[in-house]
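Please look at it before reading on.

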Amino acid sequence: MGFFAALLAIAIALDGPEIDFDTEIIPILTRSGCNSGACHGAAAGRGGFQLSLLGGDAAADYAAIVRQYEGRRIHPIQPEKSLVLRKPTMELDHEGGDALDTDGAKRIANWIRQGAKRTKLRQLISIDAEPRDVLLPSINAESALKVVAHFDDGTKSDVSRWTVFSPSDPFATSVDSSRSVATVHRGGQHTIIARYLDRVIPLRISVPMTDEAIDLSSEPSGNFIDEHVNSTLQRLRLPVSAQADDSTWVRRLHLDLVGRLPNRQEAETFLLDSATNKREVLIDRLLQSEAFVDYWTYRFSMLLRVFPQPNDKVGAITYHQWIQQQLRDDTPIDALARTLLLAVGDTHQVGAANFSRASSDARSHAEFVSQVFMGTKLQCANCHNHPLDRWTQDDYHGLAAVFARIDRGQIVKIADRGDVTNVRTGEPAIPRIPGTQYLGKDVDARQAFADWLVSPDNPYFARAFVNRLWRGMFGRGLIEPADDIRDTNPATHPELLDRLAQDFVEHKYSLRHALRKMATSQTYGRSSLPNAKNRADDRFYSHALQRPLEPEVYVDALVDVTGVFDRYGDEELGKRAIQLVDPTTPSESLDLLGRCSRRTSCEGVAASSALPAKLHQLNGELINRKVISSEGVLENWIQSNAKDAEIVEDFYWRALSRKPSNTERDYWIRQLSELNNGEKKQVFEDFLWSLLNCSEFASNH
Amino acid sequence: MQCIDKRCDGVDRRDALRLGSLGVFGLTLFGRSPAFASIGDRSKAKSCILLWLDGGPSHLETFDVKPDAPAEVRGPFQPIATNVIGTYLSELLTRTAKVTDKIAIIRSMTSPLGEHGIANQYMLSGYKPNSVIDYPSYGSVLSKVRASENVLPPYIAIPSVRGPAGAGFLGTAYDPFSIGGDPSKASFRVKDLDFYPGVDAERMNRRRAFMDQLETFQRRHEKGNANTDSRFEQAYRMVISEKTKRAFDLSLEKEGIRSKYGLGSFGQSCLMARRLVENGVPFVTVDYNGWDTHESLVLRLKEGFAGAKVGVGLVPTFDQGFATLVEDLDERGMLDETLVIAMGEFGRTPKINTRGGRDHWPRVFSIALAGGGVRGGIVVGKSDAIGESPAERPVSPSDLAFTIYSLLGVEPSLELQTEDGRPVQINQGGELIKELVS
């Protein structure tokens, strides 16, 4: 290049508007992957060059590029000779390969030419992204993506070119970033996360899952749940399965609300009942039963971590009783949460105070609280600002500081002092409501946090809770995992989740109300049998989801069917597994089936289907002992001289809540005929064994 | 230039960019090529024994000694010569030093992941964890692609399995089977494998026929919804097979062999692994815990307990089991078709910390492989003077995955389906570690 030409080039470049480091250079680094966790964004940097993770700290990045390494990363006279350009364009050896494209390189060169300044011309206020929610006609269709940034100087600009678009499922959608265009490769509802600087927006792109349009407008609707679910199904062209028959439904409802099978009389009565509102009546009856209290105490014990302290079982028992009482009284869940957060006193007397003993220190306390009451995982923000969520290190350590003064002895009390160090600053963290505000010295931080958490407009509390209940009733959370709620993990049915949360708040945070709402929907009543067109659906509720029973529920069901009890440690005979206060109560079966340890919160666990669990079911003591027992229901029947068919039918009712079909009954009678008494007993045992091992028994369907 | 070479593989830059943009915010623009150049039909390994050193073993106290580094890096142990001229190991690996000619060491493993859970997943699947797809581990993939009539489960973990070595999206049917106890104990039995008292094969067969009938009835009742439970089938076959029960019985081994492996849990687990491989199990993981040595290197790596005269710590115990396994397989003519891998999720920090231990260090670490067609007596790659970064020939967990699959005769570009029918390649972005097989 001749001297004058070079001069001219510089003059032209200088004429252009000044490039802003924070809002125009950092996005290039993020988009090119320079500051990702795998490259220079790692805690220790890479190749001696460290950038803040995803550009979270512009000042540090500026210093790293312009000042460190004695300023050799940039070449002010000949920008294109700058290391910061020559490496990522592979002019020099670069482990990260050819990372920077021509546009990005040009802009960085221009910025260097302008003097590599950081004048902070403007700040990002917000971004808009499109399409937020679009339905494309078919796979391989494309959708243009557009992101507009708004800055505090009143300007806005199209930053699509500098936005990172990340498909949540890289096999379902892909993004051609040079054109900012998404292509969909599979039917379904997909998410692409748009990230510009520290802002993220999920974009929903859907494609119908079948070829033929369907019309669900004439489907019966129990309540608002059905309207939301059906509108999504219609959009995705997923036809619905029929309503489940009465015996399937009554079994399902019992398992979901009271964690046990209906007994024969309950099931038969329900089937014979001809009242049109019999489903609603049964829902209400179960919600008011003591069995409901038992079962939900078990579920809450997993969530709220009821386990004994070393050499101290009294606290756990008191905690368990307290939970039981709250559920019996239908204590509003907001009040329950507030009490748990604030309770102090002797854990042998104040049940709720045990909540504070479930964590060993303030940080794990903060993680526990955010997981259970906000449905979020805050722990990533311990070491760095959460890259996929809004949480910062100040949020994390600030929430820990809220709980820093709790003395977690047998007597839970508030100490005069107690700090948590904010690892970012090295200073004691200032108590903070995450994402919201710092709390002054004169404020009771726990009180302030509790007030914020359970206020009706809190965006987390009600949503996290109804999502968890939904998961219990339908087998999958609207947000899944249920304790990972964040902007970048959107709900399958966001409007429905909002509506459920609103309804929950409006009805005084009543657990029974929320469950009733779900149980009375047509969606809940659908059969789990898929049809040819909705078989691929695993999250839109065109059919019910079949799921394994929980370990405790399964072993209790075995006891109910056979009439032979299990003994748990020193507990009295007849104690049900779901009633156990201590998750370490000896039980090999529960261990093999994978019960929740409660050291961390469980959202409900399915019995293990691993080989050791199957071997145990098939060949271990769990079922074998019960079928050969000389004390159970089978032995009574055999002694009674009842007809074979009568015995078979009784066990069908007990295990499956239905009558055997004629074919089934004939088959079993054939197997049992013409045998001497000893043989017949064995065949009956084997019949019962097979009933207890079959999938219809072991699942909630 | 080294990196330019990587582009001479027929992958154009646009493809590389597209591939690179797949990660969630990861943007792994490392210019690696998609699957190509596996070893195809030349693979020899029929099975694989993975000695998983859980917690992350120190490379500096095992396969990558730095005698010339400053004391705080060098650590307390000296190097020793091996039966391969020019290759030195830590003095704690005396037995391994005698079989080094059968072993390939990689000293330039590198990964960005320094937390146990995610690092495990990366090393055991070759995929960085992501929130949407839960990738299967090697053993699970092998279970899936190797059709086997064998009654023994295709993927067995001794004594049990750590979280992320599972089947991922392949589903629990391909999870490893944990033998669930310590095979060095005289009382060890695989739980619930022996017939329940009063039940024999005949009754078991009748029960099974009843079960089949019930599932068929229910399919009719529910119009095709009941899924046949493959796990039940497998459990049933194990219970009725005598051969299965013998495979787990170490008392059938000669006493001399048992003591040669080491009578502790790890040694006997290695021996169990050999018996299982002999009985046709394609993938066995021996899980050896305790390598997360944030403190007291001498105590934990060498002595095992305070004041031990003969070291029974992690490294001597590993040394005995590993070297004996390689030797034993070789003597039985099984080494060529059995791939043995010894590795953990990462290495340890170059500088010894204030508690006399080393912390997590994924940027460079070492692993060892033997048998299954791997060239013995070689060292691949090199770390820098203090074992901080790769100095030559960085090898990623994805490259390792590509290579493991290739050695086992599984095409790394093979696509498996997730439950909802989505195709996922078993490896993406890896390259063959050519030195190991050429």
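Q: What should I know about the model before reading it?

A: This is a predicted model, in which local features need pLDDT of at least 70 and side-chain atom pairs count only at pLDDT 80 or more, while totals for chains, interfaces and linings use all residues. Residues are numbered from 1 along each chain as its sequence is written, and chains are lettered from A and ligands numbered from 1 in the order in which they are written.

Q: How many helices and strands are there in chain B?

A: Helices (H or I, at least four residues) and strands (E, at least two) are DSSP runs, numbered from the N terminus. Chain B has 13 helices and 16 strands. Of its 438 residues, 52% are buried, a residue being buried if 20 or more other C-beta atoms, placed from the backbone, lie within 10 Å of its own.

Q: In what order do the eight strands of the open sheet in chain B stand?

A: Strands of a sheet pair through backbone hydrogen bonds, either parallel or antiparallel. Here two strands count as paired if DSSP finds at least two bridges between them. In chain B the order is β6-β5-β7-β1-β8-β11-β4-β12, with mixed pairing. The edges are taken by β6 and β12 (378–380) of chain B, each with a single partner strand, so one side of each is left without a neighbour in the sheet.

Q: Which way do the residues of strand β5 of chain B point?

A: In a regular strand the side chains alternate between the two faces of the sheet. In β5 (residues 155–158) of chain B, B:Tyr155 and B:Ala157 point one way and B:Ile156 and B:Ile158 the other, and all are buried. This strand runs parallel to β7 (residues 283–288) of chain B, to which four bridges join it, and B:Ile156 has B:Val284 as its bridge partner there. Two bridges join β5(B) to β6(B), also in parallel, with B:Ala157 opposite B:Ser178. Strand β1 (residues 47–53) of chain B is joined to β7(B) by six bridges and runs parallel to it; B:Val284 is the bridge partner of B:Ile49.

Q: Is helix α23 of chain A largely enclosed or exposed?

A: Nine of the nine residues of α23 (residues 611–619) of chain A are buried, so this helix is largely enclosed by the rest of the structure. Its buried residues, including A:Leu611 and A:Leu618, pack against elements of both chains, among them α28 (677–693) of chain A and α7 (230–240) of chain B.

Q: Which residues have the most contacts inside the largest nonpolar core?

A: A nonpolar core is a set of buried Ala, Val, Leu, Ile, Met, Phe, Trp, Tyr and Cys residues joined through C-beta atoms within 7 Å. The largest has 245 residues, and those with the most contacts inside it include A:Ala400, B:Ile49, B:Val284 and B:Ile341. A second, separate core of 44 residues includes A:Ile28 and A:Leu203.

Q: Into which domains is chain B divided?

A: Domain bounds come from an automatic or database domain assignment. For chain B the assignment gives domain 1 (1–33), domain 2 (41–189 + 249–436) and domain 3 (191–247). The C-alpha centres of domains 2 and 3 of chain B lie 35 Å apart. Their contact (C-beta atoms, placed from the backbone, within 7 Å) takes eleven residues from domain 2 of chain B and 14 residues from domain 3 of chain B.

Definitions and conventions:
Buried ≥ 20, exposed ≤ 12 C-beta atoms within 10 Å, placed from the backbone. Contact = placed C-beta atoms within 7 Å.
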